Amino acid sequence: MGFANNGYPRSKMAIQRAGTAGQIGVHMAPLVAMNDDLIPFSPDSGDATALRRAFGRFGTGVTVVTVKTTQGPMGMTANSFASVSLDPPLVLWSPAISSKRHDSFTAAASFCIHVLGADQEELAQRFATQGHDFAGFDWTEDAAGVPTFAGCLARFHCNTYAVHAAGDHSLILGHVRQAALREDGASGLMFDQGRYGRFTPRDEA
Ligand SMILES: Cc1cc2nc3c(=O)[nH]c(=O)nc-3n(C[C@H](O)[C@H](O)[C@H](O)COP(=O)(O)O)c2cc1C
């Protein structure tokens with residue numbers, strides 16, 4: 001499964017060793033001498049491909065973040081979500097400045113983060129490709145008018161707590177005003193090296 005336009009890693013891409021076709025960036029003297037298969041590279045070489053692939057080695061869950069805009073409801077698939085603080089309850093995620101949807105998210109006073117279940121790949125794909133088409137999904141508005149999907153594993157209704165510049169992304173911190181949680185143990189939608197999948201506990205493998 002590929003994600004042609006979102007800049008996220010493709011599963012078929014493999015880092016090639018120096019001296020073979022498609023070698024990555026600028027190879028440098030390793031900062032640590034280790035006898036393993038890792039290929040050192042400099043993220044400052046101007047080629048973000050290897051860095052993107054290295055980031056993509058960190059498997060994550062998948063969320064859809066929603067906001068109310070003057071053009072109607074908007075959403076974006078995001079795996080940059082992280083929990084930050086219990087007291088006060090804070091979460092974060094980071095939209096790319098290059099995204100057409102970026103400014104709507106950084107300007108919003110409130111937003112909702114939906115943690116997707118393994119059966120919600122269609123929702124993830126829809127909001128990775130575009131932001132305004134909510135047709136076919138079960139959704140409503142919360143008290144602040146923020147679009148809210150049914151059937152997720154968890155939901156975090158947030159007021160925007162802070163927005164920080166962070167390179168080519170913005171860092172949006174949310175103060176969780178209300179949360180909702182599904183307690184049936186359903187597995188989450190996962191994302192690893194550009195592929196969707198599901199988590200299998202060791203004792204069920
Ligand atoms: C699994 C997955 C996770 C993503 N996570 C993020 C993210 O955290 N931040 C981001 O800016 N874009 C992320 N994207 C890309 C956006 O969903 C979307 O494709 C991108 O904003 C498209 O650009 P546009 O808004 O200009 O249409 C992700 C895409 C996928 C498939």
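Me: Over how many bridges do strand 5 and strand 10 pair, and in which sense?

Reply: Keep in mind that this is a predicted model. Strands of a sheet pair through backbone hydrogen bonds, either parallel or antiparallel. Here strand 5 and strand 10 pair in the antiparallel sense, over four bridges. Take V91: its bridge partner in strand 10 is G174.

Me: In what order do the seven strands of the open sheet lie?

Reply: The order is 3-2-6-9-10-5-4, with antiparallel pairing. Strand 3 and strand 4 (82–85) are the edges, and each pairs on one side only. On average, neighbouring strands are turned by 35° against each other, direction ignored.

Me: Which strands does helix 3 touch?

Reply: Helix 3 packs on this sheet and touches strand 2 and strand 3. Its direction makes about 110° with that of strand 3.

Me: What is the order of the open sheet of three strands?

Reply: That order is 1-11-12, again with antiparallel pairing. The edges are strand 1 (60–61) and strand 12 (195–198). Strand 1 pairs with strand 11 over two bridges. In strand 11, M190 is the bridge partner of G61.

Me: Which residues touch the most other members of the largest nonpolar core?

Reply: In soluble globular proteins, nonpolar side chains tend to be buried together. This core has 30 residues, and V64, V65, F111, I113 and L116 touch the most other members. Elements giving two or more residues include strand 2 (63–69), strand 6 (110–115) and helix 3 (121–129).

Me: What is V65 in contact with, leaving aside its neighbours within four places in sequence?

Reply: Its contacts are G75, M76, A78, W93, F105, F111 and I113.

Note on methods: Residues numbered from 1 in each chain as written. Predicted model: local features only at pLDDT ≥ 70, side-chain atom pairs only at ≥ 80, totals over all residues. Core = buried A, V, L, I, M, F, W, Y, C linked by C-beta atoms within 7 Å. Buried ≥ 20, exposed ≤ 12 C-beta atoms within 10 Å, placed from the backbone. Contact = placed C-beta atoms within 7 Å. Pairing = 2+ DSSP bridges. Axes fitted to C-alpha atoms, helices over the stretch in contact; angles between N-to-C directions.
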